[in-house]
Amino acid sequence: MALDTRLGCLESNLDDKSEPQQIINAAKYALRNVAVLELKLPFWRYIPTPLWTKYVNNMNYFVELV
């Protein structure tokens, strides 16, 4: 339960295109890459790197979805 609704993320055998699987993928991507973006030289603060752009797009998708 989150946000006063069932998200369905605990179901087994989720389809890759299902909304619950997309939520899982977005959260996993964010958690994996926040360390890379913060612990290495922060080029993204001056030049929007591909990783930064993908990270921002992913977080925007996550916010819209959830």
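Among contacts in the protein (heavy atoms within 4.5 Å) between residues at least 6 apart in sequence, 40% join residues at least 24 apart. The structure is a predicted model, in which local features need pLDDT of at least 70 and side-chain atom pairs count only at pLDDT 80 or more, while totals for chains, interfaces and linings use all residues. Residues are numbered from 1 along each chain as its sequence is written, and side-chain values use heavy atoms, with hydrogens and water left out.

The protein holds two helices and zero strands; here helices (H or I, at least four residues) and strands (E, at least two) are DSSP runs, numbered from the N terminus. With a radius of gyration of 14 Å, well over the 11 Å that the globule rule gives for 66 residues, the protein is more spread out than a compact globule. That radius is taken over C-alpha atoms, and the globule rule is 2.2 Å times the number of residues to the power 0.38. Along its principal axes, the C-alpha trace spans about 40 × 20 × 20 Å. The accessible surface of the protein amounts to about 5400 Å², and 58% of this belongs to carbon and sulfur atoms; such areas come from the Shrake-Rupley method with a 1.4 Å probe, and for residues only the protein chains shown count as cover. Of the 66 residues, 18% are buried, where buried means under 20% relative accessible area, exposed means over 50%, and partly exposed lies in between (1.4 Å probe, protein chains only).

Helix α1 covers residues 19–39. Its 21 residues should span 30 Å at 1.5 Å a residue, and the 31 Å between its end C-alpha atoms agrees with this; the expected span is 1.5 Å times one less than the number of residues. A kink of about 30° in α1 is centred on N33, the bend at a residue being the angle between axes fitted to the seven residues ending there and the seven starting there.

Leaving aside residues up to four places away in sequence, Q21 touches L14, D15 and D16. In helix α2 sits N58, which is buried because its relative accessible area is 14%. With residues up to four places away in sequence again not counted, N58 touches A26, Y29 and A30.

The loop between α1 and α2 contains P42. This proline is partly exposed, at a relative accessible area of 26%. Its C-alpha atom is separated by 32 Å from that of D16, and P42 and D16 are 26 residues apart along the chain.

Aromatic pairing was then examined. Rings of Phe, Tyr and Trp (its six-membered ring) pair if their centres lie within 6.5 Å; planes under 30 degrees apart count as stacked, over 60 as edge-to-face and the rest as tilted. By this rule there are two aromatic pairs. W44 and W52 are stacked, at 4.2 Å centre to centre and with 15° between the planes. W52 and Y55 also form a stacked pair, at 5.9 Å centre to centre and with 25° between the planes. W52 and Y55 are three residues apart in helix α2, so about one helical turn separates them. As for their accessibility, W44 counts as buried because its relative value is 15%, whereas W52, at 25%, counts as partly exposed. Y55 has a relative accessible area of 14% and is buried.
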